[in-house]
Amino acid sequence: MRSLPSSASRDSLSVTGFETMTDRILIIDFGSQVTQLIARRIRESGVYCEIHPFNTVTHAFLHAFAARGVVLSGGPASVTEKATPRAPEALFGLGAPVLGICYGQQTMVAQLGGQVEGSPHREFGRAVIEVTGHCALFTGTWALGAREQVWMSHGDRVTILPAGFRVVAVTENAPFAAIADEARRFYGVQFHPEVVHTPHGAALLRTFTHDICGCRGEWTMAAFRTAAIADVRARVGAGRVLCGLSGGVDSSVTAALLHEAIGDHLVCVFVDHGMMRLGEAEQVVSLFRDRFNIQLVHRDASDLFLHRLGGVIDPEQKRRIIGTTFIDVFEEEAREHGGADFLAQGTLYPDVIESVSVHGGPSVMIKSHHNVGGLPERMNMRLVEPLRELFKDEVRRLGRELGLPEDMVGRHPFPGPGLAIRLPGQAVTREALDRLRRADALYIEEIRNAGLYDAIWQAFAVLLPVRTVGVMGDARSYDQALALRAVTATDGMTAEAYPFDPAFLSRVAHRIINEVKGINRVTYDITSKPPGTIEWG
């Protein structure tokens with residue numbers, strides 16, 4: 001189940017359990033496309049952190065948050081222009097360590113009395129940095145004189161340092177690639193340590209959080225589980241919670257956590273739209289009703305969904321119809337089973353971040369996904385969002401902590417509209433869904449047999465609106481073509497096609513053509529993201 005933007009008017013109960021943590025890092029966001037990666041790297045080292053847009057961080061907020069340290073993110077603006085984002089002036093008087101990254105370095109320099117200018121030699125992509133001075137940030141990672149690979153993305157550069165700063169690393173086009181004021185524990189780097197293209201970037205961030213800021217690394221899923229369960233019990237009390245269960249990782253972990261917290265006060269509603277993977281609906285029902293003994297309402301609404309989708313080809317229209325129909329069915333089931341006081345959602349931290357982005361504030365657009373994110377106000381329920389402080393990889397770790405089976409928590413992402421958007425350029429029919437479902441299952445089976453499932457971010461089949469001529473059994477065939485897709489990714493923001501061995505692809509194609517009637521040609525999609533997207537529709 002996807003999320004209602006956290007800025008929604010209904011009263012939302014965010015469940016974090018970490019409001020009292022003393023070891024936490026504040027990330028002030030200036031609009032970088034990779035700010036979330038900073039948080040991911042920090043959390044991977046066991047330190048809790050939060051991202052907040054620069055324009056929401058007030059003097060009062062800074063003192064209330066009481067961060068052990070602050071990271072200033074990159075961003076698309078230029079500090080050489082007027083009215084561009086700035087860090088709160090109070091930050092530099094807090095006494096907490098500060099790390100400025102790219103734009104964050106530049107605004108810190110400008111605000112503290114230095115100078116930044118447009119560079120005649122911009123740097124985008126890999127660069128080699130040379131360590132020219134000792135620095136606490138480099139301790140245990142980079143030695144004096146070392147030359148290391150980093151990732152740059154900037155058009156401006158520092159030209160004059162503020163008082164107290166010194167240069168500790170340079171590149172060919174950035175004479176102030178890393179700077180330090182050890183007395184105040186202020187550090188700035190022109191490169192991006194948060195991206196995988198800076199090989200030692202995670203180690204540098206860990207040195208900042210653990211050694212410079214003094215964090216102990218106590219952010220664990222076991223601790224989160226205990227705190228979140230206690231928080232849910234305190235907030236929900238004797239109320240009744242309704243949870244929309246899609247079968248995906250987010251809603252499954254939400255349901256398992258809530259059931260551990262409130263037991264029979266939880267009712268899950270699983271609306272089967274008929275566009276799930278082979279055997280998936282049965283798996284969801286078996287897991288939650290039989291294994292976890294959770295109250296589960298299973299509504300097979302496939303006939304209704306397919307009726308409303310009749311003749312629709314446009315993928316965005318498919319998404320809208322599926323989303324609207326899901327809301328209608330969910331609301332009907334909620335009324336049928338006596339309603340509830342709370343609605344549980346699998347809101348994740350990226351959803352929260354996006355809803356209060358620096359690029360225009362809270363979103364007012366409901367995502368066109370299979371979701372209950374746009375449930376009508378008339379349902380009059382308060383939201384419970386126990387995962388809203390977690391990233392996707394943390395949700396998977398929590399799922400394992402809760403005892404969910406690996407084939408559930410480790411499964412590849414699956415779109416809310418299901419197989420409907422993997423039928424591009426054609427109407428959604430039972431025949432097409434069954435054909436695609438069987439082909440997809442064979443593909444995933446072969447991936448698992450080859451031991452490759454966990455090495456791939458996402459893999460799936462797409463049934464194309466193309467018929468091709470073939471020869472089968474000495475006779476002419478005129479059937480559909482199928483595209484296979486598999487990508488590797490760290491977070492889904494970028495992706496590369498998985499480099500299958502040709503023998504593997506040949507084996508998969510042979511099985512699909514021979515075992516799935518109506519397909520006589522199989523192709524493999526090698527497009528990266530960007531320029532393509534992971535899904536086709």
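Start by selecting strand β5, residues 98-101, in this predicted model. Both of its faces are covered: Val98 and Gly100 are buried on one side, and Leu99 and Ile101 are buried on the other.

Strand β4, residues 69-72, runs parallel to β5, with 3 bridges between the two. To see one of them, pick Leu72, whose bridge partner in β5 is Gly100. Then show strand β10, residues 186-189, which is also parallel to β5 and joined to it by 4 bridges. Here Ile101 has Val189 of β10 as its bridge partner.

Next, move to a pair of helices. Select α13 (residues 430-449) and α14 (residues 502-515): their axes come within 10 Å and cross at roughly 145°. The crossing is right-handed. Which classes of residue make up the contact of α13 with α14? There are 7 nonpolar and 5 charged residues, and no polar ones. On the α13 side, show Ala439, Leu442, Tyr443, Glu445, Glu446 and Ile447; they meet Phe504, Arg507, Val508, Arg511, Ile512 and Glu515 of α14.

Arg485 sits in strand β17, residues 475-488. Is Arg485 buried or exposed? Its relative accessibility is 1%, so Arg485 counts as buried. Follow the side chain of Arg485 to the backbone oxygen of Ile534, which it reaches at 3.1 Å.

Conventions:
Residues are numbered from 1 along each chain as its sequence is written. This is a predicted model: local features need pLDDT of at least 70, side-chain atom pairs count only at pLDDT 80 or more; totals for chains, interfaces and linings use all residues. Side-chain values use heavy atoms; hydrogens and water are left out. Buried means under 20% relative accessible area, exposed over 50%, partly exposed in between (1.4 Å probe, protein chains only). A polar contact is a pair of N or O atoms within 3.5 Å; within protein, one must be able to donate a hydrogen and the other to accept it, and residues adjacent in sequence count only if both atoms are side-chain atoms. Axes are lines fitted to C-alpha atoms, for helices over the stretch in contact, and angles run from 0 to 180 degrees between N-to-C directions. A crossing is left-handed if the near helix is turned anticlockwise from the far one by less than a right angle, and right-handed if clockwise. Contact means heavy atoms within 4.5 Å. Ala, Val, Leu, Ile, Met, Phe, Trp, Tyr, Cys and Pro count as nonpolar, Asp, Glu, Lys and Arg as charged, and the others, Gly among them, as polar. Two strands pair if DSSP finds at least two bridges between them.
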